[in-house]
Amino acid sequence: MRISVVTVCYNSEATVRDTVESFLTQTWSDKELLVVDGLSTDRTVEIVRSYGSQDIRIISERDVGVFDAMNKGLRNFAGDAVGFLNSDDTFHDPDVLSAVAEGLAGADVVYGDLLMVTDHRSKEVVREWRAGPFGARAFQRGWQPPHPGFFVRRGVAAATGEFDLSYKTASDYDWMLRALSLPDLRVRYIPRVLADFQMGGVSTRDWQATLRGTMETLRSRRRHLKAPAIDAAVFLRLIRRIGQIRKLSKYYGG
């Protein structure tokens, strides 16, 4: 099984090397890294090309944001399955894609856990995202899987469609919700950490970003799950998030 990893980036020279190297050191050999760059003005593309790997492809052209770039990844990945890894994140260890491939041997969707870290030098953990199993009405109960470490077979990606660009921060949530709402889906949770997510991106920058994301996820549930104007998941998602935090002051930038 060929597994494609899509990494979108723009002016990511400070972090993209860690991302690429975490892919290249994967023990699963049938893999592809598709880097979708938004015409970076720094050394991002130069750094990626410097590895000279046949397992890496690069698309570098103007886009209208991260989810537009992710849609380009969906249109162009070559594998039997696809997942996303941000340009400032890394796979947790060299056996992640092997675990994903094993899971996909009997499933249509696999996902695992995530560590949210201050940086990739110290790997100091701020938040531990233990996703747990997927079940009926999971999204209504405030559950969601982490997007880095969420892999789907090609047929699932095609049936789900593209990321909805009307969402500014929660289009990944909406995409996973739609994917997991498909009928007759075989879903497998891998109870291990798959990715290390570096804090400070658009969705984790401050409480205002958290509030914006909360309202966007509610809009997705209202649209696709017929949720009421305010549902229990608004509060349950916050409770789950607080329960995952290891260092509260750093999470809120204190």
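This is a predicted model: local features need pLDDT of at least 70, side-chain atom pairs count only at pLDDT 80 or more; totals for chains, interfaces and linings use all residues.
Begin by selecting Arg137, which sits in the loop between strand E7 (125-129) and strand E8; helices (H or I, at least four residues) and strands (E, at least two) are DSSP runs, numbered from the N terminus. With a relative accessible area of 56%, Arg137 is exposed, where exposed means over 50% relative accessible area, buried means under 20%, and partly exposed lies in between (1.4 Å probe, protein chains only).

Residues are numbered from 1 along each chain as its sequence is written, and side-chain values use heavy atoms, with hydrogens and water left out.

**The whole chain**

Zoom out until the whole protein chain is in view, with its 9 helices and 9 strands. Its C-alpha atoms fill a box of roughly 50 × 45 × 35 Å, taken along the principal axes. The radius of gyration of the protein chain is 17 Å, which agrees with the value near 18 Å that a compact globule of 254 residues would have; this radius is taken over C-alpha atoms, and the globule rule is 2.2 Å times the number of residues to the power 0.38. Of the 254 residues, 53% count as buried. Among contacts (heavy atoms within 4.5 Å) between residues at least 6 apart in sequence, 75% join residues at least 24 apart.

**Strands E1 and E2**

Select residues 31-37, which form strand E2, and ask how many of its residues are buried. The count is 7 of the 7, so E2 is largely enclosed by the rest of the structure. Both faces are covered, with Lys31, Leu33, Val35 and Asp37 buried on one side and Glu32, Leu34 and Val36 buried on the other.

Move to helix H1 (residues 16-24), where Val16, Asp18, Thr19, Val20, Ser22 and Phe23 are buried. The elements that cover these buried residues include E1, E2, H2, strand E3 (56-60), strand E5 (90-91) and H4.

Then select helix H3 (residues 66-76), which is mostly covered, with 8 of its 11 residues buried. Which residues of H3 are buried? They are Phe67, Asp68, Ala69, Met70, Asn71, Lys72, Gly73 and Leu74.

**Strand E8 and its partners**

Select strand E8 (residues 150-153), which runs antiparallel to E4 and is joined to it by 2 bridges; here Ala81 stands opposite Arg153 in E8. Strand E6 (residues 109-117) also runs antiparallel to E8, with 3 bridges between them, and Tyr111 stands opposite Phe150 in E8.

Leaving aside neighbours within four places in sequence, Asp108 is in contact with Phe151, Val152, Arg153, Val156, Asp184, Leu185 and Arg186.

From that list, select Leu185, which is placed in the loop between H6 and strand E9 (187-198). Not counting residues up to four places away in sequence, Leu185 touches Asp108, Val109, Val156, Ala179 and Leu180. By contrast, Leu185 and Phe77 are 22 Å apart, C-alpha to C-alpha, and 108 residues apart in sequence.

**Two loop residues with positive phi**

Finish with Leu39, in the loop between E2 and helix H2 (44-49), which has a positive phi of about 60° although it is not a glycine. Leu39 is partly exposed, with a relative accessible area of 37%. Lys226, in the loop between helix H7 (207-224) and helix H8 (232-244), has a positive phi near 60° and is likewise a residue other than glycine. Lys226 counts as exposed, at 73% relative accessibility.

Key. Two strands pair if DSSP finds at least two bridges between them.
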